[in-house]
Amino acid sequence: MIGNENKDRRYKRTKYVIRRAFEELISEKDVNDITITEIASAANINRKTFYAHYDGIYKLIEEIENEIAEEFDLSISKIDLINDPHGIYNVFRIMTDIINKNVNFYAGLLDSGHNNMVREKLINLLKQRVRASLALNSDIEDSSLDIALDYVLAGTIEVYGKWFKNGKNISIERLSEAVKKITELGLNGLLNQED
């Protein structure tokens, strides 16, 4: 029994050092330029040990993306995205909190060509949550709802990504308020605001 616990601890420790090495490398260079040899060297392991844990770099990335998505989904499951006037703000706040835990890593992941997978996972999670909320309160036709959700959520995630990459140049409250107005009233709602 103790032998299995030690093996399990070693396995988890090795995965941890592999991931930390990868996070350090992705903050310095594009994911497509990172090699398994570099990860193994930074983690102080050999390539064989890396392959005992992951089939390749993209399996490692997939595992990390899935964990990001799970953390995000767990957090937004507590938000009433339809009835809470601060719902969009809370989604942005949660995404910001998650990213702020390791800014360099997320910046590297989002800057790489691989960022579409993270983006798609987040959009799909939001879509499922909004769809579930609307199903209880609306009789919108499914195809129309899909079009509206794809449009709004893709735009929302894109705006958030640009905001983050631009150094969070406005407050998250201002960003979420603008997205909320555009979502609710369209572009005319934002243009006709009296500020």
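Visitor: In which hand does α5 pass α8?

Guide: α5 passes α8 in a right-handed crossing, with the near helix turned clockwise from the far one by less than a right angle. Helices here are DSSP runs (H or I, at least four residues), numbered from the N terminus. This is a predicted model, where local features need pLDDT of at least 70 and side-chain atom pairs 80 or more, while totals for chains, interfaces and linings use all residues. Residues are numbered from 1 along each chain, and side-chain values use heavy atoms, without hydrogens or water.

Visitor: At what angle do the axes of α5 and α8 cross?

Guide: At roughly 45°, coming within 12 Å; axes are lines fitted to C-alpha atoms over the stretch in contact, with angles from 0 to 180 degrees between N-to-C directions.

Visitor: Which residues of α5 and α8 meet?

Guide: F92, M95, T96, I99 and N100 in α5 meet T156, I157, Y160, W163 and F164 in α8 (heavy atoms within 4.5 Å). Seven of the contact residues are nonpolar, three polar and none charged; Ala, Val, Leu, Ile, Met, Phe, Trp, Tyr, Cys and Pro count as nonpolar, Asp, Glu, Lys and Arg as charged, the others as polar.

Visitor: How do I read the largest pocket?

Guide: Rolling a water-sized probe over the atoms shows where empty space is left. A pocket is an open set of points on a 1 Å grid where a 1.4 Å probe fits, with protein on both sides within 12 Å along at least five of seven lines; lining residues have an atom within 4 Å of a point. Here 22 residues line the largest pocket, with L81, I82, V130, V152 and T183 nearest its centre. α8 gives the largest share of that lining, seven residues.

Technical notes. Helices (H or I, at least four residues) and strands (E, at least two) are DSSP runs, numbered from the N terminus.
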